[in-house]
Amino acid sequence: MLIERIRILIVEDDPDMAELVSDLVEAEGWTPLIAPSAEAAAAVLAHETVHLVLVDHNLPGTSGRTFAQRLRAQTNIGIVMVTAAGSAADRVLGLETAADDYVVKPFEPIELTARIKAVLRRTIPSLKPERDGEREPEPASLRLGDWSVDLKNRRAVCLSDPGKSLTSAEFTLLEILAETPNMPVSRAHILDRLGAESDRYIDRNVDVLVLRLRRKIERNPDLPRHIKTRRGKGYVLDTDDGEPAL
């Protein structure tokens, strides 16, 4: 168990599935909250503290994907999509819109709980594992173009468009790159830091996550100034705001 009192909102219209997931959540020592629709989930979120939301894709009324998009526009809370739509295109689309992870029905209980734990570690700093060895302290804040990034408090604000926000996975990627600014970080290291329990992350998914972050951070994602590729080495967070490089 990661921590007591973690509250998981399960947005699922199938009572049997909701009960199954609720039992899994309780078995981990977390507190489950259940909502049968997006509208009911919004009411719960307005009055309850929730640390992560599990959202079924197919909901009555507002779809799970639309609900996740609206929720992401308001908060950086962890979001895991739970759905029967299992194609690669569906998975990538779910991740590109709002979700931090994507679980396909039917799933193994250990898979679901592992992915929840991985997202919780990314969204709740106190749950991050200690790392071996010492390293130089990462900067407390960054200024990347229009974005002001507070790494200590996990806040990122777009000064030109305050309505923009980063998902927890996007922010975690930025944190990983900021640990060694102006130096390449390999895909393997990024995969490890994102959570080895989640086999959803493969090299291609890292590239998709980088593309998502570029689209938000960079003024011209095709000619990035801050999140650059070093072929054969990985990705670099360039804090010098120099010339664009692919």
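1. The largest nonpolar core has 27 residues, and Val149, Leu177, Ile190 and Leu237 touch the most other members. A nonpolar core is a set of buried Ala, Val, Leu, Ile, Met, Phe, Trp, Tyr and Cys residues joined through side-chain atoms within 4.5 Å. Buried means under 20% relative accessible area, exposed over 50%, and partly exposed in between (1.4 Å probe, protein chains only). Two or more residues each come from β6 (141-144), β7 (147-150), β8 (155-158), α6, α7, α8 (203-217) and β10 (234-237). The largest share, seven residues, is from α6. Another core lies apart from this one; its 20 residues include Val44, Leu59, Ala98 and Tyr102. In soluble globular proteins, nonpolar side chains tend to be buried together.

2. A word on the basis. The model is predicted: local features need pLDDT of at least 70 and side-chain atom pairs count only at pLDDT 80 or more, while totals for chains, interfaces and linings use all residues. Residues are numbered from 1 along each chain as its sequence is written, and side-chain values use heavy atoms, with hydrogens and water left out.

3. Helix α6 is mostly covered, with 11 of its 11 residues buried. Among them are Phe171, Leu174 and Leu177. Valine 149 touches Phe171 and Leu174, and its other contacts include Leu142 and Ala156, not counting residues up to four places away in sequence. Contact means heavy atoms within 4.5 Å.

4. Now the whole chain. It has eight helices and 10 strands. These are DSSP runs, numbered from the N terminus: helices are H or I, at least four residues, and strands are E, at least two. Of the 246 residues, 48% are buried. Among contacts between residues at least 6 apart in sequence, 56% join residues at least 24 apart.

5. An open sheet of five strands runs in the order β2-β1-β3-β4-β5, with parallel pairing. β2 (31-35) and β5 are the edges; each has a single partner strand, so one side of each lacks a neighbour in the sheet. Neighbouring strands are turned by 20° against each other on average, direction ignored. Strands pair if DSSP finds at least two bridges between them. β4 (residues 78-83) and β5 are joined by four bridges, and valine 82 has valine 103 in β5 as its bridge partner.

6. Two helices meet this sheet. α5 packs on it, touching β1, β3, β4 and β5, and its direction makes about 170° with that of β5. α2 (residues 38-47) lies across β1 (7-11), β2 and β3, at about 160° to β1. Axes are lines fitted to C-alpha atoms, for helices over the stretch in contact; angles run from 0 to 180 degrees between N-to-C directions.

7. Two backbone points deserve a look. The peptide bond from lysine 105 to proline 106 is cis, with omega near -10°. Proline 106 sits in the loop between β5 (101-104) and α5 (109-123). Asparagine 182, in the loop between α6 (168-178) and α7 (187-195), has a positive phi, near 65°. Most residues other than glycine have a negative phi, and most peptide bonds are trans. Asparagine 182 is partly exposed, at 35% relative accessibility.

8. Aspartate 238 follows β10 and is buried, with a relative accessible area of 10%. Its side chain makes a polar contact of 2.5 Å with that of lysine 228. Such a contact is a pair of N or O atoms within 3.5 Å; within protein, one must be able to donate a hydrogen and the other to accept it, and residues adjacent in sequence count only if both atoms are side-chain atoms. Aspartate 238 also touches Asn182.
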